[in-house]
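Biologist: Hi! Could you walk me through this one while we both have it on screen?

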Amino acid sequence: MKQSYLASGILALAIATGAPSAFAESEPGVPVRFEMQETDNGLLRLDTRTGIVSLCSNKGDKLVCQPSIDGIKVYEDEITRLEAENDNMRQELRRISEALATLTEDASIAAIKPETGLDLSLAKPQEEGWFGKEEEQKLNEALEFTENAMRRFFSVVEEMKDDFQKDEQSGSAN
């Protein structure tokens with residue numbers, strides 16, 4: 001905790017005194033995520049989104065940043081919040097899945113054996129049979145068209161069969 005207050009104090013002092021930034025400013029209109037200030041101990045990095053202050057130092061050829069104790073607490077709090085949110089979402093998903101399974105089962109039962117008094121028909125009254133007058137007429141027209149098409153098809157097949165037999169007979173006569 002002492003280190004985080006020290007890091008925060010050094011950063012505040014560096015910003016207040018106008019110490020030069022370790023990096024150039026970003027393009028106009030683009031928010032800066034991190035602000036860095038040079039100190040005697042290395043660089044202080046401020047995450048402008050979270051407010052976490054980290055002390056950065058060179059380790060070999062890499063810049064390594066160690067977050068303050070407060071920064072670690074912020075991450076731990078966020079992890080705890082996300083875990084709770086994840087648990088809530090899993091419970092909600094389980095509840096929705098169970099409700100969907102129940103609805104699917106109810107719909108299957110209703111489709112197989114409708115309850116008495118349960119009207120599954122359309123709003124318009126229908127005559128005796130499966131279809132109304134218009135549907136029955138459309139079905140008859142479709143069947144008539146199919147019947148005619150099949151008759152033509154078999155007629156063409158018979159003609160081709162006759163032509164083939166005639167060709168065989170004339171070929172064997174030569």
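Modeller: Happy to; we can go from the overall fold to the sheet, the salt bridges and the surface.

Modeller: This is a predicted model, where local features need pLDDT of at least 70, side-chain atom pairs count only at pLDDT 80 or more, and totals for chains, interfaces and linings use all residues. Residues are numbered from 1 along each chain as its sequence is written, and side-chain values use heavy atoms, with hydrogens and water left out.

Biologist: Thanks! How many helices and strands does the chain have?

Modeller: There are 3 helices and 4 strands, and from the N terminus they run α-β-β-β-β-α-α. Helices (H or I, at least four residues) and strands (E, at least two) are DSSP runs, numbered from the N terminus.

Biologist: What is the strand order in the sheet?

Modeller: The sheet is open, with the order E1-E2-E3-E4 and antiparallel pairing. Its edge strands are E1 (34–39) and E4 (62–67), each pairing on one side only. Two strands count as paired if DSSP finds at least two bridges between them.

Biologist: And what joins E1 to E2?

Modeller: A hairpin does, through 2 residues. E1 and E2 run antiparallel and are joined by 6 bridges; Gln37, for instance, has Leu44 in E2 as its bridge partner.

Biologist: How many bridges pair E2 with E3?

Modeller: E2 (residues 42–47) and E3 (residues 53–59) pair over 4 bridges, again in the antiparallel sense. Leu46 stands opposite Val53 in E3.

Biologist: Switching to charges: how many salt bridges are in the whole structure?

Modeller: A search finds 6, taking a salt bridge as a side-chain nitrogen of Lys or Arg within 4 Å of a carboxyl oxygen of Asp or Glu. Side chains of opposite charge can pair when their charged atoms come close.

Biologist: Which residue does Glu78 form a salt bridge with?

Modeller: Glu78 bonds with Arg81 in a salt bridge, the closest N and O atoms being 2.8 Å apart. They are 3 residues apart in helix H2 (residues 69–112), so about one helical turn separates them. Glu78, Arg81 and Glu85 are also linked in a network of salt bridges.

Biologist: What about Arg95 and Glu92, where do they lie?

Modeller: Both lie in helix H2, 3 residues apart, about one turn of the helix.

Biologist: Which side chain does Glu147 meet in a salt bridge?

Modeller: That of Arg151, at 2.6 Å from N to O. Glu147 is partly exposed at 41%, whereas Arg151 is exposed at 55%.

Biologist: Last topic: which residues make the nonpolar surface patch?

Modeller: Met150, Phe153, Phe154 and Val157 make a patch of about 380 Å². Patches are made of residues with over 30% relative accessible area and no salt bridge, with like charges joined within 9 Å and nonpolar side chains (Val, Leu, Ile, Met, Phe, Trp, Tyr) within 5 Å. Areas come from the Shrake-Rupley method with a 1.4 Å probe; for residues, only the protein chains shown count as cover. Phe153 lies in helix H3 (residues 133–173).

How values were computed. Buried < 20%, exposed > 50% of the residue type's maximum accessible area, 1.4 Å probe, protein only.
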